[in-house]
Amino acid sequence: MRALVTGASGGIGRAIVSRLEADGYDVTGVDVDQLDVADPAAWTDLPQVEVACLNAGVVTGTDSIAELTDEQYRRILGVNVDGVVFGVRALAPLMEPGGKIVVTASLAGLTDVPSDPIYAGTKHFVIGFVRSVAPQLAERGIAINAVCPGIVDTPMIAGSRAALAAAGFPLLAPEDVAEAVMAALADEETGQAWVVQPG
């Protein structure tokens, strides 16, 4: 079985690659240096895969809508939104019936996140897109689901790790998210949002 993982050099991406390889998958892991998910032209000459994990994601780094720059806004839309849409658009015609797509969303897509409203907005889009595109992909025999982790101990939270630790806030390990991805791949449902929390 062959798999493609985007955002493969990050904490969650590395964990997904390792978990898939442990299950015997031949994994192509890509990051921005190999495939800029925000560039529609980059989604060409893709390997034939049975599984795709669209995991690339970024945050804006600001909670202030007044101070949000155009660059921050375009960057997060490009990675978090375009990267999913372009990925599904490119991969769906190439996948055989039985193919599986898992998108890394977030609990931020199911609740409010005042600390980064644009990030939350992108993840709300991802979950709505996954739920809405699932029926047409099902006609091709392809399943698509989203995993929605809480706060994961990755470099993305470096600026707030100390405060979270001081508050006793439980963090997920990247490996926990990888296990949720495997559960989503094994399930027969489609169009689902899998909540992932410690414990």
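Colleague: Which residues of α1 are buried in this predicted model, and what makes them count as buried?

Modeller: In helix α1 the buried residues are G11, I12, G13, A15, I16, V17 and L20, and they carry that label because the relative accessible area of a buried residue is under 20%. The cover over these buried residues includes β1, β2, β3, β4 and α5 (174-186).

Colleague: How do you know that the span of α1 is close to the expected one?

Modeller: Helix α1 covers residues 11-22, which is 12 residues, and reaches 17 Å from its first C-alpha to its last. Just after α1, G24 takes a positive phi of about 95 degrees.

Colleague: What makes D45 exposed, and what is its phi?

Modeller: D45 has a relative accessible area of 80%, and exposed means over 50%, so the residue is called exposed. Its place is in the loop between β2 (26-30) and β3, and its phi is positive, about 55 degrees, although D45 is not a glycine.

Colleague: Which way do the side chains of β3 point, and are they buried or exposed?

Modeller: From strand β3 (residues 51-54), V51 and C53 point one way while A52 and L54 point the other way, and all of them are buried. In a regular strand the side chains alternate between the two faces of the sheet.

Colleague: How do you know that β3 is paired with β1 and with β4?

Modeller: Pairing requires at least two bridges between the strands; three bridges join β1 (residues 2-6) to β3, and four join β3 to β4 (residues 100-104), so both pairs qualify. Strands β1 and β3 run parallel, with A3 standing opposite V51, and β3 and β4 also run parallel, with V102 as the bridge partner of C53. The chain crosses from β3 through helix α2 (residues 70-91) to β4, in a β-α-β crossover that is right-handed.

How values were computed. Residues numbered from 1 in each chain as written. Predicted model: local features only at pLDDT ≥ 70, side-chain atom pairs only at ≥ 80, totals over all residues. Heavy atoms only, no water. Buried < 20%, exposed > 50% of the residue type's maximum accessible area, 1.4 Å probe, protein only. Helix = DSSP H or I, 4+ residues; strand = E, 2+ residues; numbered from the N terminus. Right-handed = clockwise from strand over helix to strand, strands pointing away. Expected span 1.5 Å × (residues − 1). Contact = heavy atoms within 4.5 Å.
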